[in-house]
Amino acid sequence: MDRRTFIENSLIAAGGAVLGSSPLVEAAADPPMIGIQVGAVSFVDEGTDKVLDNFREMASIDTLFLATFTYGRGIAGRQPRGNALPDHGKQEYDDDYHGGNFATPHPQYYRSTTIAPEKAPDHPNYDVIADVLPAARRRNMKVICWFEDVFRRDVRGLDQAVEIDLHGKPTTRTCPRNPNTRNFWLALVEDYLRSYDVDGLMWGSERQGPLNNAIGASHGGGGNPATVGCFCKYCLSAAQKMRIDADRARKGYGVLESWVTSMRGGTRPTDGAFVTFWRILVEYPEVLAWERLWNEGLRDTYRDMYRKAHEIAPSKGMGWHLWHTNSFAPFYRAEQDYAEFSKYSDFLKVVMYNNCGGPRMAEYIRNVNRTIFADLTPEQTLAVTYRVQQYGDEKPLDSISREGLSADYVRRETRRAVTGVSAKVKIWPGIDIDIPTGPKEKKTQPDDVHAAVTAAFDGGAHGVLLSRKYSEMTLANLRAAGRAVRDLKLA
Ligand SMILES: [Zn+2]
């Protein structure tokens, strides 16, 4: 596929918009974005100039997504112990990883939140943006701050920002509606955009509402129905404005908790799992209303961050990382409406990790097969999931963990996203390179990366984002991304 074909495909995929409507033509005429997620530790370990030169040489990278804030290990730090270290970087485990802000927090922006802006103690005298930005500029590379909704529970002031569960107990999760949470994210937006001349921001929240959490509809843990929320004073007040009965919602979630607990304990109701689940929803529609209430809190966060970013820097992009659960759970997918996202997004990195997608899909199937789909066998649950998620012929349950999802899944998901958003929103599929999986589970190979990158552009992508972090990628797999970019004549 040459450059012209790529642009034409993009236009067709963008919904057949009229050629000559200038913003779209301009957008499509931009060279595709070839990005990589990279954390501070890689620059510290390997040297900034060397890392950037390698990115350019190995994979034609033109955009750096710097992990600037997280307490998690998914996008920052080296490989956690138990996973092989890749063939570059320091060959040592960073068991004392802590996390925080990997740039320099400027306290004046954090006056309206109790959450302490903490400089990551991992690299006390190092500011990843200050170091990388000039080196990137010299190479004509763009820099995007990439930060996510992952905290440690001991962060000072976090206790004033947490969700309250259905039994009135504080959790360790931040409430998206709590002003301390909201103002913390807005402070980070302002801090990054005012303190550094970066090219844009990307934020990710791998969270979902109380209903989805209660039934365990994700590839993460099964979800604990006893601790779902949020029932804090801010959410109660929002519910009142929306005329949702909080007592009925609490009662409904209590019934749901008993149902999930007994289903997981192996009880099979005479009327079956699905009917008795649905009965809870029709008896307590407030359960569903509370799920929407939670999502509105998160959507308001997106809207506020987008507004704030554009007030400060109208021409810089603000976009979002969309969680992998979007690929597995139709419940979560229904809440990720691309048309709705178009109102507050300049770009979307939709996670389409097809290699680890295999084991993760299998985990999702195991979770929901114990609750809402307990009437089906796991194989039937998977078959239903493939159909309702609009996938083609993906592999059966006994092999997806070992073999992963196909490149065709990447192509379909890209096309769905490009078709779903308005023409101004760029779609940059997240491509997985060496995301850790369990023993005997799918490991990324160079041909997988080549096929996934090719499929993304074939689906009409405006770029690709190599994920999750350079410090877990092997060089052969990274080079395979570069080979695909060259084969497509995109660089
Ligand atoms: Zn709340």
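Donors here are N, O and S atoms within 2.8 Å of the metal (3.2 Å for Na, K and Ca), and water is not among the atoms, so sites may look incomplete.

Hello everyone, and a quick word on what we are looking at. This is a predicted model, where local features need pLDDT of at least 70 and side-chain atom pairs count only at pLDDT 80 or more, while totals for chains, interfaces and linings use all residues. Residues are numbered from 1 along each chain as its sequence is written, and side-chain values use heavy atoms, with hydrogens and water left out.

Now to the metal. Which residues are the protein donors of the zinc ion? They are Cys 175, Cys 230, Cys 232 and Cys 235, each through its SG atom, at 2.2 to 2.4 Å from the zinc ion. The angles among the four donor atoms run from 102 to 114°, and the site is tetrahedral. For reference, the ideal angle for four tetrahedral donors is 109.5 degrees. Along the sequence, the donor residues follow the spacing C-x54-C-x1-C-x2-C. Cys 175 sits in the loop between strand E6 (170-174) and helix H6 (179-195), and Cys 235 in helix H8 (residues 233-241), so this pair ties together parts that are 60 residues apart in sequence. Those labels come from DSSP runs, numbered from the N terminus: helices are H or I with at least four residues, and strands are E with at least two. Cys 175 and Cys 235 are both buried, a word that here means under 20% relative accessible area, with exposed being over 50% and partly exposed in between (1.4 Å probe, protein chains only).

Next, helix packing. Two packed helices are described by the angle between their axes and the distance between the axes. The axes are lines fitted to C-alpha atoms, for helices over the stretch in contact, and angles run from 0 to 180 degrees between N-to-C directions.

Take helix H4 (residues 48-59) and helix H20 (residues 475-487): their axes come within 7 Å and cross at roughly 55°. That makes H4 oblique to H20, given that angles under 35 degrees count as roughly parallel, over 145 as roughly antiparallel, 65 to 115 as roughly perpendicular and the rest as oblique. On the H4 side we find Phe 55, Met 58 and Ala 59, which meet Leu 475, Leu 478, Arg 479, Gly 482 and Arg 486 in H20. By class, this contact of H4 with H20 has five nonpolar, one polar and two charged residues. Contact means heavy atoms within 4.5 Å. As for the classes, Ala, Val, Leu, Ile, Met, Phe, Trp, Tyr, Cys and Pro count as nonpolar, Asp, Glu, Lys and Arg as charged, and the others, Gly among them, as polar.

At what angle do helix H10 (residues 273-283) and helix H11 (residues 285-312) pack? The answer is about 80°, with their axes 4 Å apart, and that makes H10 roughly perpendicular to H11. Leu 281, Val 282 and Glu 283 of H10 make the contact with Pro 285, Glu 286 and Val 287 of H11. Those residues divide into four nonpolar, no polar and two charged.

Let's visit some single residues. Is Thr 385 buried or exposed? Thr 385, in helix H16 (residues 378-388), is buried at 1% relative accessibility. Leaving aside neighbours within four places in sequence, Thr 385 is in contact with Phe 328, Met 361, Tyr 364 and Ile 365. Tyr 364 turns up again beside Pro 330, which touches Tyr 364, Val 388 and Gln 389, not counting residues up to four places away in sequence. Pro 330 belongs to helix H13 (residues 330-335) and is partly exposed, with a relative accessible area of 22%.

Gly 404 lies in the loop between helix H17 (397-403) and helix H18 (407-420), and at 0% relative accessibility Gly 404 is buried.

Finally, some backbone details. Most residues other than glycine have a negative phi, and most peptide bonds are trans. Asn 140 has a positive phi of about 60°; it lies in the loop between helix H5 (128-138) and strand E4 (142-148) and is exposed at 67% relative accessibility. Lys 440 also has a positive phi, near 70°, and is exposed at 77%. Lastly, a cis peptide bond joins Ser 467 and Arg 468, with omega about 5°.

Definitions and conventions: Four donors count as tetrahedral if all angles lie between 85 and 135 degrees; four count as square planar and six as octahedral if opposite donors are over 155 degrees apart and all others between 65 and 115; anything else is irregular.
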